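Work through the exercises below with the model open. Each task is followed by a stepwise solution.

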Amino acid sequence: MAPPAAIVVQVRRSLDDATARKWSNNDILYDINEGGQYLQNLLKVLKCRRSLSSVANQREYALPTDMKEILEMEFYDEGSIHKVQGMNYDTYREYKAQRTGSIPYIYSVIPNESKILIEPVCNSAADTTTLGADLTAVATSMTVASNASFYDEGRVIIDSEVIGYTGKTSTTTLTGLTRGLEGTTAATHSSAATVTERDIMLYGVYGLSDFEMRKYYTTGTGSVTFTYGSVTVTGTSVTWSNNVAAGDYIAYTTNATQVVPTKWYAISSVPDTSTLVLTSAYAESTTASSNYIVSSPNPFPNEYDALLRTYARARALEKSNSMKEADREWAIFGSQVSAIKNRLTSSDVLIVQRGRYEGRIRDSQRFRANLGDKYPIV
């Protein structure tokens, strides 16, 4: 998928403004982000999976801040996964049922409060264990005192990091770890740290934030070096530690305003103000004293790039009072949206995407197993 910075260059070129005479990068980025929010509110194409840990005798839980709407809730215990049924809040208030128990089977969202209520209230908290050894920030398995009370696959939280796991071996190991889920950061954890199961799993509509697609960073008066076969990018007179984050994308370009880079690389970490570590080795020729672009990731799959470009063009023309040209772009945008909506309503195929195309699947169990933090359902 094209990062927003790539779309900026494409939009400017289509507006015959390659040198940014009329519209700055930030102007167009603002419109792209606005268009993304509009599309998400209209089509709800981006979904997310988030998790909570149950608390003994607690009925009310905060809805994750980046989840706009719950579509499904599940409760994990040692032996199985239980579907929790959603209920309208007004109906819930009149509902008379068992008030406490081991497994909730009803949930309701409190309107305008971003809070969830569950029934019955769990009479015990989510299961816990402790780390049996120190855990590094890149480890893919962990040793625990006991995994007996945890489900075969799921998520846990240690300190403030949410970690996914896909299996258990013996009675003391969780394997297949995915680090730093749900917007948390992969970190080191000390032996004996508490490991808490995330036994409430939420599937819902992702809420695109105001600034999520608006990073276009090129600042630096010195040189930037990309080295073939290396995951390290170095810069001089750059300030990456305050302006670049893991999960962003970087690319070499001959001109940061006019030329769309040929390949983008995901950033794994930012060790200091002048060093970046990529998730994969740089695969192009070594370059020094290079222009570069750092961009926020684009959560939408490639098929939505055209809609974002059209929306940004229409808004740019509208704000420059080129109303005839803007009306033409809005008409194109309307046709594109209609085509997407028709396909969304006519298809029963799930498409899973985690930064790349994963394939088409129909089985819900396989869907859960392949699910990324954000996934479009088409």
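**Exercise 1.** Which residues does Trp 264 touch, not counting residues up to four places away in sequence?

Solution. 
- Step 1. This is a predicted model. Locate Trp 264 in the loop between strand 21 (249–253) and strand 22 (265–272).
- Step 2. List the contacts. Trp 264 touches Pro 3, Ala 5, Ala 6, Tyr 249, Ile 250, Ala 251, Ile 293 and Ser 295.
- Step 3. Take one of these pairs. Trp 264 and Pro 3 are 261 residues apart in sequence, yet their C-alpha atoms are 8.1 Å apart in space.
- Step 4. Classify the residue. The relative accessible area of Trp 264 is 16%. Buried means under 20%, so Trp 264 is buried.
- Step 5. Among contacts between residues at least 6 apart in sequence, 65% join residues at least 24 apart. Of the 378 residues, 46% count as buried.

**Exercise 2.** Describe how helix 1 (residues 4–14) and helix 5 (residues 305–319) pack.

Solution. 
- Step 1. Two packed helices are described by the angle between their axes and the distance between the axes.
- Step 2. Read off the values. The angle is about 50°, and the axes of helix 1 and helix 5 are 10 Å apart.
- Step 3. Name the arrangement. Helix 1 and helix 5 are therefore oblique to each other.
- Step 4. The crossing of helix 1 past helix 5 is right-handed.
- Step 5. Find the contact residues. Helix 1 supplies Ile 7, Gln 10, Val 11 and Ser 14, while helix 5 supplies Asp 305, Leu 308, Arg 309, Ala 312 and Arg 313.
- Step 6. Sort them by class. The contact of helix 1 with helix 5 has four nonpolar, two polar and three charged residues.

**Exercise 3.** Is helix 5 largely enclosed by the rest of the structure, or exposed?

Solution. 
- Step 1. Check the length. Helix 5 has 15 residues and reaches 21 Å from its first C-alpha to its last, close to the 21 Å expected.
- Step 2. Count the buried residues. Eleven of the 15 residues of helix 5 are buried, so helix 5 is largely enclosed by the rest of the structure. Among them are Leu 307, Tyr 311 and Arg 315.
- Step 3. Bring in Glu 329, which sits in helix 6 (residues 323–346). Leaving aside its neighbours within four places in sequence, Glu 329 is in contact with Thr 310, Arg 313, Ala 314 and Leu 317. Glu 329 is buried, at 7% relative accessible area.
- Step 4. Look just past the end. After helix 5, Asn 321 takes a positive phi of about 65°.

**Exercise 4.** Are Asp 16 and Glu 182 buried or exposed, and what is the phi of Asp 16 and of Glu 182?

Solution. 
- Step 1. Most residues other than glycine have a negative phi, and most peptide bonds are trans.
- Step 2. Take Asp 16, in the loop between helix 1 and helix 2. Phi of Asp 16 is positive, near 55°. At 60% relative accessibility, Asp 16 counts as exposed.
- Step 3. Take Glu 182, in the loop between strand 15 (178–181) and strand 16 (194–197). Phi of Glu 182 is positive, about 60°. At 15% relative accessibility, Glu 182 counts as buried.
- Step 4. Turn to the peptide bonds. The bond from Glu 119 to Pro 120 is cis, with omega near -10°. Pro 120 lies in the loop between strand 7 (115–119) and strand 8 (121–122).

Key
Residues numbered from 1 in each chain as written. Predicted model: local features only at pLDDT ≥ 70, side-chain atom pairs only at ≥ 80, totals over all residues. Heavy atoms only, no water. Helix = DSSP H or I, 4+ residues; strand = E, 2+ residues; numbered from the N terminus. Buried < 20%, exposed > 50% of the residue type's maximum accessible area, 1.4 Å probe, protein only. Contact = heavy atoms within 4.5 Å. Axes fitted to C-alpha atoms, helices over the stretch in contact; angles between N-to-C directions. Parallel < 35°, antiparallel > 145°, perpendicular 65-115°, else oblique. Left-handed = near helix turned anticlockwise from the far one by under 90°. Nonpolar A, V, L, I, M, F, W, Y, C, P; charged D, E, K, R; others polar. Expected span 1.5 Å × (residues − 1).
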